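Here is a short briefing to read alongside the model. Keep the 3D view open and find each residue as you go.

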Amino acid sequence: MNSNTISKGILSALGIVLSITLLLFFLYKIQSVIVYIVIAAVISLIGRPIVLFFKNKLKFKDTIAVIVTMVFLIGLLVSLVGLFIPLIVKQSHNLALLDIESLKINIENIYYEVTSYFKIETENVKESIKESHFLSKIDYSMIPDLLNTMISGFGSFSIGLFSVLFISFFFLKDSQLFESSILAFIPDSKEERTKKSFSKIKDLLSRYFVGLILQISVLFLIYTIGLLIIGAENALVIAFLCALLNLVPYVGPLIGGALMIILTMTNNLGQSFSDVILPNTLYVLIVIGIGQLIDNFFSQPIIFSKSVKSHPLEIFLVIIIAGILFGIVGMIIAVPTYTAIKVILKEFLSDNKIVQKLTKDL
């Protein structure tokens, strides 16, 4: 091996490293656009069954079917926003006039009521906590600051929303658009298999995301009925937030349950702990328990077995591993990503024994 060959090899390696570095830097700079594309892809997968229904059952033309679907999805979004606007306006007014010292006292009072009722702390410990001013050290002023940050980010959200809707429209109108872009980098010999993989992935993920909407809807209904029975303020909003958090596997239901308990308890501040707050909290726990039982033994098994065709234990392990490696985001995207990988493996490595075992139901 002469010096020219070695030099060319080194230059080639440096060129590859530089190209990869530039590509990663480029992707980092356009990460917001990538997020828009991913969200638009999810929306197009959710809207795909609706478009097919309009085209196949009602005989709409492609463009009309897509427009009607987009109007339906936008109407749904506007309805959700309309649900939250009164709460946001009300809370904005309240936070603008918020007496931080009063808020501190209320939260301290409810804390001491809980510890007193359950005899969790001795008098000496409670006194030491009071003297340490532990609860008073919490920076409650961050609440209005957080609201202001959310309002200031509304402009960016508007741009992102418009971008997502625009991309979603064309993804729905031309379902081959994304595929065609990917196929440009695929060798001709593997193009047919890649097309089959795309078709299967779209079908499975469409059913998966529609299943998730059904899952959230069932939880939302259960939580709403439960909260309305006890007369909780903003029952619809609390129920929707807690149902939405269920999208984060395993961790989401815990956070959602804690949020529901805290919000319902703070709604009753100033009332008797033993006569009002405690019974309502116990009732909320029962509502959460019923919702989670139905979700774990009815909704989730249907979604995983019927949509992505994976065993619940298999899904559990995939979500846990993805969570360890990539955190909350990894847990959310674990199932769709794993499903896509399984389809690709089945199409290109169908002779492998392990692949055959994993993809036997696909």
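Gln292 is in contact (heavy atoms within 4.5 Å) with Leu219, Tyr223, Asn246 and Pro253, leaving aside its neighbours within four places in sequence. This is a predicted model, where local features need pLDDT of at least 70 and side-chain atom pairs count only at pLDDT 80 or more, while totals for chains, interfaces and linings use all residues. Residues are numbered from 1 along each chain as its sequence is written, and side-chain values use heavy atoms, with hydrogens and water left out.

**Around Gln292**
- Gln292 belongs to helix 12, residues 273-307; helices (H or I, at least four residues) and strands (E, at least two) are DSSP runs numbered from the N terminus.
- Gln292 counts as buried because its relative accessibility is 14%; buried means under 20% relative accessible area, exposed over 50%, and partly exposed in between, using a 1.4 Å probe and protein chains only.

**The overall fold**
- The protein has 14 helices and 0 strands.
- Of its 362 residues, 31% count as buried.
- Among contacts between residues at least 6 apart in sequence, 67% join residues at least 24 apart.

**Transmembrane annotation**
- An unreviewed UniProt entry lists several spans as "transmembrane region", among them 9-28 and 315-341; the positions follow the numbering used here, feature names are shortened, and annotations may be inferred rather than shown by experiment.
- Residues 9-28 are 100% helix and 0% strand, with end C-alpha atoms 28 Å apart.
- Residues 315-341 are also 100% helix and 0% strand, and their end C-alpha atoms lie 13 Å apart.

- Ile319 touches Pro249, Tyr250, Met331, Ala334 and Val335, not counting residues up to four places away in sequence.

- Phe316 is found in helix 13.
- Phe316 counts as partly exposed because its relative accessibility is 35%.
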